[in-house]
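Reader: Hi! I'm new to this one, could you walk me through it?
Author: Happy to, here it is.

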Amino acid sequence: MSSQDRLNKAYKEAKRIAFTNTDKFILFSDCHRGDSSFADDFANNRNIYYHAMSHYFKEGYTYIELGDGDELWENMFFKTIFEANKNVYQLLQQFYFTNRLHLIYGNHDMVYRNKNVVKKNLYEYFDQRKGENVPLFPGIQCNEAIVLENTDNHNQELFLTHGHQADFMNYVGWKINRFLVRILWKPLQVWGIKDPTSPAKNYVELIKVERRIKKWIADNNNKITITGHTHRPRFPSPIENALHYFNDGSCVHPRSITGIEIVNGTIALIKWFIDTKEDGTLQIKKECLEGPCRLEDYK
């Protein structure tokens, strides 16, 4: 099956969610939540992510995670990830219990395409104080893709997926890459050796992945497509007749996270980061990198 066939399959089998211009979404991907060890790329940005997500929960946003939320290549057991990020999962639980959480799996959490693994890892957790299992995300489903349908704009579609469908070794050969990362590259990270299996750290692979995704978009009437995977933010202009390829970046940039907001019929690329006040104290700020642009202008 080619990358185009894999993307076609993801689109055809995607979960469909209707929305209007009054709805608000925040899209993050590639959190790579880990165990707080030296190899945990998420650890440095955990407080930024938690602050941003607290803001979005209070403001009534729906959270869609576009894959690689949990780092299940470097870590064999979800339990260690949960214990290192319990406050984050409890916040995500609040989104879920208010019907505002949707998860897409990527290559690093590809095991979530197995419903039994989802049930084992995400339905409940052991509460040490109570001495029993308590609900986490009971009944949650993880999807390969989601299509948002804007009922206020002639059912305009936004195709959301991780993007690893355009990356043979990270889709078909993901178990091989998982073995290499878990056994070989994780311990070598302490020496600064980059993982060549990741398009985020391999520029040649990154370009190939983007080219394949853009081909699919061109072959599908320039459908708005939002992915993660490469960790490189992308935001096309609606007035330059560019291909409608968006990428929300990642949550493991140095000292910052990037994402995409869809608010009141507009779309924007945003960044949350740590900044210094005049008195020398630190604060977490949000900056709009691109947009907001009206969705209806992407025709």
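Predicted model: local features only at pLDDT ≥ 70, side-chain atom pairs only at ≥ 80, totals over all residues.

Reader: Thanks! What is the strand order in the open sheet of seven strands?
Author: The order is β7-β4-β3-β2-β12-β13-β14, with mixed pairing. Strands are DSSP runs of E with at least two residues, helices are runs of H or I with at least four, and both are numbered from the N terminus. Two strands pair if DSSP finds at least two bridges between them.

Reader: And which strands stand at the edges?
Author: Those are β7 (142–143) and β14 (282–294), each with a single partner strand, so one side of each has no neighbour in the sheet.

Reader: How many bridges join β2 to β3?
Author: Four, and β2 (residues 24–28) runs parallel to β3. I26 stands opposite Y63 in β3.

Reader: Switching to rings, what does Y63 pair with?
Author: Y63 forms a tilted aromatic pair with F95, 6.1 Å centre to centre and 55° between the planes. Rings of Phe, Tyr and Trp (its six-membered ring) pair if their centres lie within 6.5 Å; planes under 30 degrees apart count as stacked, over 60 as edge-to-face and the rest as tilted. Y63 lies in strand β3 (residues 62–66) and F95 in helix α4 (residues 86–97), so the pair ties together parts that are 32 residues apart in sequence.

Reader: Are Y63 and F95 buried or exposed?
Author: Both Y63 and F95 are buried. Buried means under 20% relative accessible area, exposed over 50%, and partly exposed in between (1.4 Å probe, protein chains only). Y63 and F95 also belong to one aromatic cluster, whose members include F28, Y61 and W272.

Reader: Last topic: what volume does the largest pocket have?
Author: About 620 Å³. A pocket is an open set of points on a 1 Å grid over the protein atoms alone, where a 1.4 Å probe fits, with protein on both sides within 12 Å along at least five of seven lines; lining residues have an atom within 4 Å of a point. The volume is the space filled by probe spheres set on the points, which are joined across faces, edges and corners.

Notes
Residues numbered from 1 in each chain as written. Heavy atoms only, no water.
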